[in-house]
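Open the model in your viewer and keep the selection tool at hand. Each stop below says what to pick and what is there.

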Amino acid sequence: MSRSLPEHTQTVVIGGGIVGCSVAYHLARADHDVVLLERKQLTSGSTWHAAGLVSQFQGLPCVTRLACYGIELMQQLQAETGQATGFKNVGATAVAMNPARREELLRRMDVAIGQGIDVRRLSIDELGQQWPLLNLDGIVEAIHFPNDGQTNPIDTTMALAKGARMAGAQIFENTEVLRLRVENGKACGVETTQGLLKADNVVNCTGIWGRAFADSCGTRLPIQHNQHFYIVTDPIDGLENPTPVLRVYDEQAYYKEDAGKLMIGFAELNGIAWDPKGGIPHSFEFDELPYPEDHLDAVLEKCIERVPALGEVGIRTFFNGPEGYTPDGRYYLGEDPLVDKLFVAAGFNSSGIQNGPGAGMALAEWIIKGHAPRDLVDVDLRRVQTHQANREYLLQRGPETLSETYAMHWPYKQRQSMRGLRRSPIHEQLLRAGAVFGESAGFERPMWFAPKAVKAEYEYGYNKMPWFEHWASEHQAVRNDLGLVDLSPFCKILVEGRDAERVLQKICTNDVGVAPGRVIYTQWLNERAGIEADVTVARLTETRYLVMTSAATGLADEAWLRRHTAEAAGVSITDISSAQAAFGISGPRAREFLAAHTDSDMSHAAFPFSTSQNIDIGPINARVQRISYTGECGWEIFVDASFAAFLFELLMSGERAAAPKLVGFHAAESLRSEKAYRHWGHDIGYTDTPFESGLMFASKMKKAGGFIGLDALQARLESGSHRRLLQFLLDDSEHLIYHNEPIFLDDQLVGTITTGTYGHTLGAPLGLGWVRLSDGDLQSNLEERCFEILVAGRKVRARASQKPLYDPLNLKLRH
C-alpha cells in the first residue's frame, strides 16, 4: 500500500544518495521532523557506482574533521541499525615517482600531522612488503595512512537510510520534485508528483542534478557532471586481503582490492565532461555511460607496468559513470545566499562516500541551529560566483577540476581553462608591462611582473623559484620607494538612503556615524561574535557610504548586508564594482608623487590617515582615500572605469614624477603579512571573534545602539580564551611556508599556519597562525619561547609575536 506525503514537515531533503540520507539521518536523530524524497530508488544516481574509498585527511581542516567523523560513523552504523556497511579499515598509501612529488607528499604529511591524523613514512622495502604485487621501480617516497579504508557505497547509504527511518524520518522513493515553492524570498516547500509538501527548510542533495535544480529555483549552483572511469579485474593470485588502498598520483591511478580482484580508478589529465543534449535523461537510474576505448590507453599501460600481474588477468568491468565536480574542487555546503531556507549539500567531486556522512551531519546541525555550527568557510556555498554556473564555463572548468585531482598541487598553481573572463580596465596595459596573472573570483589579477628579458609565466615549485627575485623587487619598492597595485577587482558596494547610517551602525563593529570624508576599518559579526566580514567603509555624504571588500567575498558580503537590512528601511544597496577602477599607491615617496600630480594639499595635516577627498589628478577627478594595506604611507585612488586607462598612463608616464614600480599580489600579500594584517577566509572567519583575532581596536563596545554580536563579544571578553592569532618569523630562510603547516611549542602541537609567505623586508619566511595556549603560556613572553614550524618533515625554529614585526607602532603608515 502506497503512503501519502504529509502536508508539512520541518525539513524536506531532495535526493536519496549517501549525502541526502546522511542529512536525513542526522536530522531525525536530533528529533527533527524530516522527509526525504528520491526521484527513483535510493543510491540510483551516482552513489551506487562509487569506488567506496574513505580517507581521513582531506587537506582542508574543516573537511578533514568531517571525514574523520564519517569514518567513525561507518564503523558504528551496523551495531546501531543491523545493516552492514562493508567498511574495512585497510589503510591507504600514496607514493611519489619524482623529487617534486616527494616534496608534495612530505608537505601533505606535515599538514595531516597538524590536523591530528596518524600518518607515517614507509621505506621502499616496507612498501614492497605491504604491496607484494607492486613494481617498485622509480618510486622514491611513500606515506601511509593506517586509519583510512574502504566501504560499500550502497550498503553504507542503506544503513544511513535505515537509521533515519528508525529515528522517525519518512523516506519516499519514486517521488519526483517538480519545483521549489518560494514565498517572499524564502523556500517553503516543494511540488512533487505526489502533490505539495510544505516545509520550513528545503535541502538540495540532488548530486549530478544539482545545477539543473538550482536553475529551476532561480539560483545558481556550479556543478559539472564529468565522466569518471574505473576497471575491475578478474581475480588475481597473490592479492592479499586486506591490502591498503594505493594511490600513484604521478600515473593518475588508484588501486583497491575488492574480493580478490583489483578495482583501478583514474584521475586522468585529460578529463571529459558529460553533457547530454537536453539534460540528464528522465529515465536515468543505475545507468552507465559508454566507455571510450582509446581514452585511457596510456594510463592503462602505466598500470600494467606498475602492477605486472594485470598483464596476466582479464578485465571483467570497464566502467564509466557521471560524477558532479565544482570549479574549485571543493564541495558546497550551507544556505543559499539568494533563497532563504534553501540549503545545499552537493558537488562532491567523486568524494561523496568519504565526505557525505560528515557533511550531512554538519548541514543538519546548521539547519537546527540556524547558523554554521563550525568553521566551514572552505566549503561554504556563499563562495560561489555567478558566472561559474554558466554551461560553457563549466564544460571546460569541470573536467580540469577532475584532472587536477592527481596533478601536482603546486603553491600558487593557476587554472588554465576559462581565463580572462573578468578584466580590469587596465588589463592590456598590465599585460604589456609583463604582468603574470592569477585568477580570483574570475578576475585576472597581476601576481608579479616579469622584466623585459624574462618570460612572463610561472615556474612552479615549493621553494624559491626564479620569479622570487621579481616578487622581492616589487615588495622592496613599496618599502623603500613607491609601488602601484591595481585594486580594480575589489568589490565596491554602495549603500545609500536616509537610513544608511542606522543600518550600517547596527552591522559594523566600528563607529561609522562619522563625518563625510572619513574611512573606517570594521568587521561585521554574527550573533555569536564570529567575524562574517572584514571591510572598509567610506562615508561619502550624509546618506551615502561605500563598502569595500575583496572580490572573492563580495557576493557573500552583499548577501549578508541585504539579509540584515529590513525591507522597510530607506536604504538601497548597489554593487558598483565594474563601474569603478581603483589603484593603490604606497611607499615613502607616495605623498611627493601624488602632490606632483595634483594641486590639492597632500600633507598629513590636510589629508590625514583614514580620510577621503575628491581631488583632481591631472585632468581627471578621482576620489582618493588615505589608507594602505601595505603598512606604508599610501592612498587608494577610485575613478570612473572609463577614465582608468588614461589615469594609469599618466601616473606611469614619469612626466611629473618618477613612475612607481608596478606591484603584483604576491608582494601585496607579503607586505600585509609583515604588518600582520588579517585576511578573511585565511586568518579569520565566522567562528573567530575580534578578541582572539587581535581586532578589538575596531569594535566600539560602548557605541550607542550597539551592533550585531555585541553581547556575545562581551561574554567572550569576560570568559577569556586560550586561542591567539600570532605572527611567526622562521629562522631558516630557504624553506617557504604557505598554509596549514603545524606549529609546535616545546614539542607540543599547538596550532597551524593560516597565511604563509616570505617577508622580504624581515628577511625570512613568515606567516600568521592560530595557536591554543595554556594559562602559563599566555602569561609568558611568547617571543622568548621555542616555537617551531614543521616544513617538509623538518621542524624549523620560529619567532612568535603578538605585535607586527614590521613597524609595530605604525609610524610609517601615519606620518
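The tour goes from a helix to a sheet, then to rings and charges.

This is a predicted model, in which local features need pLDDT of at least 70 and side-chain atom pairs count only at pLDDT 80 or more, while totals for chains, interfaces and linings use all residues. Residues are numbered from 1 along each chain as its sequence is written, and side-chain values use heavy atoms, with hydrogens and water left out.

**Helix H2**

Select residues 61-81. This is helix H2, with 21 residues. Helices (H or I, at least four residues) and strands (E, at least two) are DSSP runs, numbered from the N terminus. H2 reaches 30 Å from first C-alpha to last, close to the 30 Å expected at 1.5 Å a residue. The expected span is 1.5 Å times one less than the number of residues. Now centre on glutamine 75: H2 has a kink of about 35° there. The bend at a residue is the angle between axes fitted to the seven residues ending there and the seven starting there.

**The open sheet**

Show five strands in the order E24-E25-E26-E23-E27; they form an open sheet with antiparallel pairing. Strands pair if DSSP finds at least two bridges between them. E24 (519-525) and E27 (572-575) stand at the edges with a single partner strand each, so one side of each has no neighbour in the sheet.

Zoom in on E25 (residues 531-539) and E26 (residues 544-549). Four bridges join these antiparallel strands. Valine 537 stands opposite valine 547 in E26.

**Aromatic pairs**

Rings of Phe, Tyr and Trp (its six-membered ring) pair if their centres lie within 6.5 Å; planes under 30 degrees apart are stacked, over 60 edge-to-face, the rest tilted. By this rule there are 27 aromatic pairs.

Pick tryptophan 48 and phenylalanine 286. Their pair is edge-to-face, 5.9 Å centre to centre with 75° between the planes. Both lie in loops, so the pair ties together parts 238 residues apart in sequence.

Next, select tyrosine 629 and tyrosine 677. Their ring centres are 5.7 Å apart and their planes at 10°, so the pair is stacked.

For a cluster linked by ring pairs, show Tyr412, Trp448, Tyr458, Tyr460, Trp467, Phe468, Trp471, Tyr738 and Tyr758.

**Charges over rings**

A charge sits over a ring if NZ of Lys or CZ of Arg is within 6 Å of the ring centre and within 35 degrees of the ring normal. Arginine 445 lies over the face of phenylalanine 665, at 4.0 Å from the ring centre. End at arginine 623, which lies over the face of phenylalanine 638, at 4.5 Å from the ring centre.
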